[in-house]
Amino acid sequence: MNMTEERKRPTDRASWEQRYIDGELPWDSGKPDLNLSRVLEDHGIRPSGKALEIGCGTGTNSIYLAERGFEVTAMDLSSTAIAKAEAKAAAGCKCRFLVGDFLVNDLQGAPFKLAYDRGCLHVFDDAKERERFASRIADLLDPEGMWHSLIGSTDGPPRNAGPPRRSAMEIISAVEPHFEILELRSTNFDQGPHSQARAWALVARRRIFYPA
Ligand SMILES: C[S@@+](CC[C@H](N)C(=O)[O-])C[C@H]1O[C@@H](n2cnc3c(N)ncnc32)[C@H](O)[C@@H]1O
């Protein structure tokens, strides 16, 4: 990604908010991500209990998880995104949408059985913030809770737009201290204008620390 594109990428609350106000949302396909249903199936994650989505945007995948049977808490930095998510959720939908910064703000409702993010971990350029993101998720999960993340990949041809790119090593450094990595699979963002962009599907289980 060249420097012009780098500057265009939203990195703070105001820029994310502006993207949602302007409707500049290439990641927002309006359809549940197929990687999510595949992961639930492959890892035998039964659709019941509490799930958390971080960086939920306009809530498509949160609503999908609630329709499958989870009781969902979903957070996003952008109040405009959360207002759109609330408007999309049908009456009776078991989704609680919250505006907040996941790295900073308290989040009620733990422990969760499942954490999910589609393109939120990968927005953090700073390795310490990625590690904090993973550590916060671990703290909010059941002892053997699971996390599925979809992350832009450094693989694939050069491109001047699209999701941020993270290497497998960057992901492992952030995640492995807190999680047992069950899967790190090369895939694609399945929908939208950047559907050809390579992605990583991470599936990880919170670590149990045994006494020495
Ligand atoms: C690439 S978008 C993906 C949105 C949604 N998951 C989707 O697939 O449509 C990343 C989202 O993460 C949110 N975000 C970025 N930093 C965040 C933070 N620190 N806490 C909570 N949400 C954050 C942004 O507002 C944005 O909605």
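Buried means under 20% relative accessible area, with exposed over 50% and partly exposed in between (1.4 Å probe, protein chains only). The model is predicted, so local features need pLDDT of at least 70 and side-chain atom pairs count only at pLDDT 80 or more, while totals for chains, interfaces and linings use all residues. Residues are numbered from 1 along each chain as its sequence is written, and side-chain values use heavy atoms, with hydrogens and water left out.

**Exercise 1.** Classify W147 as buried or exposed.

*Solution.* The relative accessibility of W147 is 0%, so W147 counts as buried. F133 also has 0% relative accessibility and therefore counts as buried.

**Exercise 2.** Describe how the rings of F133 and W147 are arranged.

*Solution.* Rings of Phe, Tyr and Trp (its six-membered ring) pair if their centres lie within 6.5 Å, where planes under 30 degrees apart count as stacked, over 60 as edge-to-face and the rest as tilted. By this rule there are six aromatic pairs. In one of them, F124 with F133, the centres are 5.6 Å apart and the planes at 45°, a tilted pair. For F133 and W147 the centres lie 6.1 Å apart with the planes at 45°, so this pair is tilted. F102, F124, F133, W147 and F179 form one aromatic cluster.
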